[in-house]
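Morning, everyone. I'll walk through some strand pairing and then the salt bridges. Here is the model.

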Amino acid sequence: MKTMAFLCVLATLLTGCSSTRPNNDLAAITPFEAERYMGTWHEIARLPQWFQRGMSDVTATYSLENGRLNILNAGVRDGERKTAQATGYFAGEPNVGLFRVTFFWPFYADYKVLWVSPAYDQALVTSEDRTSLWILARTKTLDKETVNALVARAESMGFDISQLEWSSAQKQ
């Protein structure tokens with residue numbers, strides 16, 4: 001737990017306190033239904049993030065309380081389950097998929113939902129630029145056709161999909 005918390009704090013520190021970085025043309029989705037987005041998401045694939053190195057079976061569980069976002073990230077590293085808690089708030093209107101998230105106040109980073117399926121069961125998420133991308137789903141795996149469509153969507157947004165790391169359950 002301490003290692004995961006430390007890594008999350010450090011990652012947040014490195015992203016700084018600034019608002020959305022300039023020259024970022026990746027728009028958060030709108031309209032966004034935050035209540036439908038809440039719940040548990042499984043990581044299908046991600047662009048490499050040093051603070052997630054060696055993590056598998058990664059999930060993120062979101063809840064809203066009084067307009068505040070609560071996040072519980074969990075995963076397995078070296079056979080041990082690790083968790084990290086974060087909080088956040090809407091970075092604009094509540095119908096836009098953009099949050100400011102912190103693992104360690106006062107340092108915040110963007111959490112930007114770029115795309116979510118009509119059923120709110122698949123999503124593409126980034127932080128502040130094209131160096132981070134998470135493909136998320138409500139289930140641990142997705143069929144090949146769905147994965148291919150999500151990867152194509154990410155590529156059309158300018159992400160380097162050749163660098164994607166896949167969850168152990170999804171295997172590409």
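Start with the strands. Strand β1, residues 39-46, pairs with β8 in the antiparallel sense, over four bridges. Two strands count as paired if DSSP finds at least two bridges between them. Strands here are DSSP runs of E of at least two residues, helices are runs of H or I of at least four residues, and both are numbered from the N terminus.

A word on the source. This is a predicted model: local features need pLDDT of at least 70, side-chain atom pairs count only at pLDDT 80 or more, and totals for chains, interfaces and linings use all residues. Residues are numbered from 1 along each chain as its sequence is written, and side-chain values use heavy atoms, with hydrogens and water left out.

Which way do the β8 side chains point? Trp134 and Leu136 point one way, Ile135 and Ala137 the other, and all are buried. Buried means under 20% relative accessible area, exposed means over 50%, and partly exposed is in between, with a 1.4 Å probe and protein chains only.

Now the charges. Side chains of opposite charge can pair when their charged atoms come close. How many salt bridges does a search of the whole structure find? Six. The criterion is a side-chain nitrogen of Lys or Arg within 4 Å of a carboxyl oxygen of Asp or Glu.

Take Glu43 and Arg46. They form a salt bridge, with the closest N and O atoms 2.5 Å apart. Glu43 is buried, and Arg46 is too. Glu165 joins them: Glu43, Arg46 and Glu165 are linked in a network of salt bridges.

Next, Asp110 and Arg100. Their closest N and O atoms are 2.5 Å apart in a salt bridge. Asp110 sits in strand β6 (residues 107-116) and Arg100 in strand β5 (residues 98-104), so this pair ties together parts ten residues apart in sequence. Asp110 is buried, at 4% relative accessible area. Arg100 counts as buried as well, at 7%.

Last, Asp25 and Arg130. This salt bridge has its closest N and O atoms 2.8 Å apart. The pair links distant parts of the chain, 105 residues apart: Asp25 is in the loop between α1 (2-15) and α2 (34-37), Arg130 in the loop between β7 (122-126) and β8 (134-137). Buried or exposed? Asp25 counts as exposed, at 57% relative accessibility. Arg130 is partly exposed, at 30%.
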